[in-house]
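This report describes a pocket and the salt bridges of the structure shown below.

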Amino acid sequence: MAARAAGAKREQIVDAAARLIHIRGYNSTSIEDILQATGIGKGTFYYYFASKEKLGFAILEWQTARFAESVLRKAFTGGRDPLEQINTYLDLLLDLARKNGCRGGCPVGNLAQELSDTHERFRRRLERTFETWRAFLERTLQQAQEKGHLRPEADPARLSGFLLAGIEGAILLAKVRKDPGILADCFDELKAHLGAWAPATRRRPMPAALVPETFGAKRRLKG
């Protein structure tokens, strides 16, 4: 009972601090802010966390675990086509952005932008997190290649890095503009790029909005 209560209190602190840091940033969130948000005293805080840095590491672990549970497991389960699993992954990210109005962006991406140049220990942990996500995509692309759903000359390592960079960049732009439509457009382009690596017999027709020959015509009609 005591262990469960202690675990629940620790999670309460991590949850409240994560919400503050997600919006305000790590450096702009003080321990006093966290104490006020949780209603605990300094003694209780330091009982669970030796420092703000230790709390930050706990938040990063907690956020990645939640992301794995709420998004990764939903997208990358079952016997579906591996490329369809990646498309589902993008759709889930888009749904999250629409639900929260693009507020906050990617918590891990936010920490990376804020701390990578100033906090080496955080940078290494963030690097490992992004590499875990990239490797996850790479394994899925390798599975697609083994099933014949991706051309032999495709490079899963390069493609997975491209996808991760595109996802994080799109989330950042959508956050700045507060427009999930930016995310939808970017993700459509990522899906089209990935689909272009499928064997010709498995390719789906590209939506008209993504066919290069139609771009000028659309602009002329609008003009």
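## The largest pocket

The lining of the largest pocket comprises 32 residues, with H22, L96, N100, G105 and P107 lying nearest the centre. A pocket is an open set of points, on a 1 Å grid over the protein atoms alone, where a 1.4 Å probe fits, with protein on both sides within 12 Å along at least five of seven lines; lining residues have an atom within 4 Å of a point. The space in this pocket is about 890 Å³.

At least two lining residues come from each of α1 (2–24), α4 (52–75), α5 (82–99), α6 (107–115) and α8 (156–177). Helices are DSSP runs (H or I, at least four residues), numbered from the N terminus. The lining consists of 19 nonpolar, 6 polar and 7 charged residues.

## Basis of the model

The model is predicted; local features need pLDDT of at least 70, side-chain atom pairs count only at pLDDT 80 or more, and totals for chains, interfaces and linings use all residues. Residues are numbered from 1 along each chain as its sequence is written, and side-chain values use heavy atoms, without hydrogens and water.

## Salt bridges

There are 13 salt bridges, each defined as a side-chain nitrogen of Lys or Arg within 4 Å of a carboxyl oxygen of Asp or Glu. E53 pairs with R121, with the closest N and O atoms 2.7 Å apart. This pair joins helix α4 to helix α7 (residues 120–146), across 68 residues.

Within helix α7, R123 and E127 lie 4 residues apart, about one turn, and form a salt bridge at 3.3 Å, N to O. E120, R123, R124 and E127 are linked in a salt-bridge network.

Technical notes. Points joined across faces, edges and corners; volume = space filled by probe spheres on them. Nonpolar A, V, L, I, M, F, W, Y, C, P; charged D, E, K, R; others polar.
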